[in-house]
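Student: I have a structure to read and would like to learn how. Can we go through it feature by feature?

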Amino acid sequence: MSESVKESAKHKGTASDSGSVLEIKGLDVTYSTSRGDVQAVRGLDLAVRRGEILGIAGESGSGKSTLAVALLRLLKPPGKVTAGSVMFRPAGRSPVDLLKVNGEELRVLRWSALSYLPQGSMSSLNPVMRVQDQFKDVILEHAPARKDSLGELIPRLLSQVGLEPRVARMYPHELSGGMKQRVLMAIAVALEPDLVIADEPTTAMDVTIQRVILQSLADLRTDFGVTLMVISHDMGVHAQLADRVAVMYEGRLVEVGDVRQVFKDPQDPYTRQLIESIPQVGRRTS
Amino acid sequence: MTAEAPPAVATGNSQESASPASGVRAWMSRHPLAAYAVRRFGLYLVELWGALTIAFFFFRLMPGDPIQTLIQSLQQNYIYNQQASAEIIARYRAEFGLDGNLLSQYLVYMKKLILHGDLGPSLISYPTPAQDVILRSLPWTIGLLGIAAVLSWIFGLALGAVAGWRRGKLGSRIMTNLSIALSHVPFFFVALILVYIFAYSLGWLPARSAYDSNINPGFSLAFIGSLLKYGLLPGLSIVLIGTFGWILSTRMLMVPVLGEDYLVYAEAKGLKPWRILTRYALRNCYLPQVTAFGISLGFIFNGNVLVEQLFNYPGLGTTLVTAIQQLDFNTILGVTDIAIFSVLTAVLLLDLLLPLLDPRVKYWK
């Protein structure tokens, strides 16, 4: 794994598809409403390389969360994928089109290959289950062989994100927002998935916690070698965390490239505006 | 997003040991659950006392003289034609707890009830005490209505959960609309239809009594079979309608939970749908149903008089109706007391149980 991390670091910004975990081609997502259809994602092409952290940027309503939900196959009606393919290449498994798998085939793929890191401020943890049981159910579902090592595995995962082992015995309502986000991060990497899709992992947190969460996310990549797709409206997050960044506007991909390249020399005027929207100490906006 | 402090762990805190004067308070803060249980039990006793007292005075307001009724029935039964003397009447009054003023009657009644569990003699079957009359019919009621209530709760919860889970699907829609239509049909109406079909037209099942009178009551296979056969129609009419009510309320609780973030997360985790339904969805919405079940137990004692009457079932409802007809106030009051006692006890037990069922439930600080 660590080799692929280095490899992707080497190939940053180049357009090779050979090492990609995920290849999105011509993706269209539409929400049908009584007042007509709304296209949230339009003809999107994007590849996620193994071992990289890919940031998806864009304002509210740009379609970035819809993209995440569609990739995770969690899109609910009235949302519908109307065109495109999403080739997913998990290590040690045959490549699949994520939009074509269903039922048991999809369920088996979840978490062990494709996992999800929701926003911590959402109530993604089951309020009536202890933290350790929320680790347990997903680990035992996909890797029943690890049953005996659970007692050691859960505290190790928790310490990886900077939490004490005693958190395992707590209920979600006893945790702070930052702690919940870290628990979610630990659960997301519990099965060493090929790809983690993080939807606004730092939104609704205060700045100091944001920094800690971003640092932990970066550490997870070094420790577990996971490939991470980070969706955030906050360009600051991408600047700090991502290797490459893709910018979405009105459902279209307007720019994708090495994060330093994009920040230094944005090609699209919209990207320039987004970068300028980052608040800076000592600079007046407008 | 309120970050609650983890529950205080019982540790020998130095601050507490510093003030040994307030021993009760220190004990309470060290054992919050036990302290809560004690307080809740105290409240239970007060509620019990209050409800029994109200019931007692309420029934003393009933018009009519039960002693006259008794004497009349005795005269008829024993062809006893003399005019009852004042002495005899006074003796009966004393025996039934009707002598002295209302307050002393109350004190005597409560003393007998609490110390001896004695409800006073019954009028219908004088001199048998009212509690014996009630205890004779209580097992029938618990057996029939209690089992029916438990079954309809379980069926309703299971079917309602599935109806909520598969909302929008055809099967779920049919079940939901059927429940809306049928959940408020009275039990006896369904009972009449069932009797017409299965007892009258088809003649498969008996429609009266609790067992075949040709079989001796006892722990024999034949008797138990007869019990089931005779209990099937009244039981079915209650379970059928009760289930629809529970389906509707469970579905109503289930649907909002299905939109919660933790359900999406559970799906993303790739858990089996059955596990998501039970551990994530149902587990987060069934709590109000547990409380509602405790309260519904109370209706066992007064809500199904009609069903018991209709099937001539020797349960509490039938006893209650006979007692009211005969102005048997000790029995009427006794049945009421039992209903009060069971509802309050059920609610007490549920209140103590809820923190175990849901970690978010916390009555203590």
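**Sheets, helices and a contact**

Tutor: Start with a sheet of chain A: six strands form an open sheet in the order β6-β7-β8-β3-β9-β10, and the pairing is mixed. Strands are DSSP runs of E, at least two residues long, and helices are runs of H or I, at least four, numbered from the N terminus. Two strands pair if DSSP finds at least two bridges between them. This is a predicted model: local features need pLDDT of at least 70, side-chain atom pairs count only at pLDDT 80 or more, and totals for chains, interfaces and linings use all residues. Residues are numbered from 1 along each chain as its sequence is written, while chains are lettered from A and ligands numbered from 1 in the order in which they are written.

Student: Which are the edge strands of chain A in that sheet?

Tutor: In general, strands of a sheet pair through backbone hydrogen bonds, either parallel or antiparallel. Here β6 (114–117) and β10 (252–258) of chain A are the edge strands, each pairing on one side only. The twist averages 20 degrees from one strand to the next. Angles run from 0 to 180 degrees between N-to-C directions, with axes fitted to C-alpha atoms, for helices over the stretch in contact.

Student: How many bridges pair β9 with β10 of chain A?

Tutor: Six, in the antiparallel sense; β9(A) covers residues 244–249. Ala246(A) has Val256(A) of β10(A) as its bridge partner. Helix α10 (residues 269–276) of chain A packs on the sheet, touching β3, β9 and β10 of chain A. The direction of α10(A) makes about 110 degrees with that of β9(A).

Student: What is the strand order in the open sheet of four strands in chain A?

Tutor: The order is β2-β1-β4-β5 (chain A), with antiparallel pairing. β2 (36–49) and β5 (96–97) of chain A each have a single partner strand, so one side of each lacks a neighbour in the sheet. β1(A), residues 20–33, is joined to β2(A) by 10 bridges.

Student: Which strands does helix α2 of chain A lie across?

Tutor: α2(A), residues 64–71, lies across β1, β2 and β4 (79–88) of chain A, at about 70 degrees to β2(A). α2(A) also lies across β3 (53–57), β7 (195–199), β8 (227–231) and β9 of chain A, at about 145 degrees to β7(A).

Student: Now chain B. At what angle do α7 and α16 of chain B cross?

Tutor: First, the classes: under 35 degrees is roughly parallel, over 145 roughly antiparallel, 65 to 115 roughly perpendicular, and the rest oblique. The axes of α7(B), residues 130–165, and α16(B), residues 329–357, cross at roughly 55 degrees and come within 9 Å. The two helices are therefore oblique to each other. Residues are in contact if their C-beta atoms, placed from the backbone, lie within 7 Å. On the α7(B) side the contact is made by Ala130(B), Gln131(B), Val133(B) and Ile134(B).

Student: How close do the axes of α7 and α15 of chain B come?

Tutor: Within 7 Å, crossing at roughly 140 degrees; α15(B) covers residues 316–325. That makes α7(B) oblique to α15(B).

Student: How many residues does each chain bring to the contact between A and B?

Tutor: Chain B gives 21 residues and chain A gives 26. α11 (261–268) and α12 (273–281) of chain B each supply at least two residues of the B side. α11(B) gives the most, with six residues.

How values were computed
Two residues are in contact if their C-beta atoms, placed from the backbone, lie within 7 Å.
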